[in-house]
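Hi,

Here is the structure I said I would pass on. Have a look at it first, and my notes on the aromatic side chains follow below.

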Amino acid sequence: QLQLVESGGGLVQPGGSLRLSCAASGFTLDYYAIGWFRQAPGKEREGVSCISSSGGSTNYADSVKGRFTISRDNAKNTVYLQMNSLKPEDTAVYYCAAAEPRPLPVICYDGNYWDYWGQGTQVTVSS
């Protein structure tokens, strides 16, 4: 059974950092592009970042560019989202998603592009 599990969320003060993990079970991530999305209460789901299967292509939403870094460790079957300089507006449930192997480019911010979703991890940025 193909499954994605997010972890690493929590409560952090403004300016702090968190590292989210997206671990796969039931399949190997090597050939899958991975995306991170978030959804704050009362708001639509927002694409945050994505990475190609090789790791050679990454993309970031303007709202997180320069603060967040996506990376992958295929040996650990895990993708990471390093979040620095966190702001209260980053508060949301963060989800990772995987796309079945298909030709580039990765359609990063279209939810319909992604085939599998995790359950999400809560990130709260507050003093």
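Let's start with Phe37, which is buried at a relative accessible area of 1% (buried means under 20%, exposed over 50% and partly exposed in between, with a 1.4 Å probe and protein chains only). Before you go further: this is a predicted model, where local features need pLDDT of at least 70, side-chain atom pairs count only at pLDDT 80 or more, and totals for chains, interfaces and linings use all residues. Residues are numbered from 1 along each chain as its sequence is written, and side-chain values use heavy atoms, with hydrogens and water left out.

For ring pairs, I took Phe, Tyr and Trp (its six-membered ring) with centres within 6.5 Å; planes under 30 degrees apart are stacked, over 60 edge-to-face, and the rest tilted. That gives six aromatic pairs. One of them is edge-to-face: Phe27 and Tyr32, because their planes meet at 65°, with the centres 4.8 Å apart. Phe27 is buried at 11%, and Tyr32 is buried at 11% too.

Phe37 pairs with Trp117 at 4.9 Å between centres, and the planes are at 55°, so this one is tilted. Trp117 is partly exposed, at 27%. Phe37 and Trp117 also belong to one aromatic cluster with Tyr113 and Trp114.

The charged end of Arg45 sits over the Phe37 ring, 5.6 Å from its centre, and Arg102 lies over the face of Tyr113 at 4.7 Å from the ring centre. The rule here is NZ of Lys or CZ of Arg within 6 Å of the ring centre and within 35 degrees of the ring normal.

Cheers
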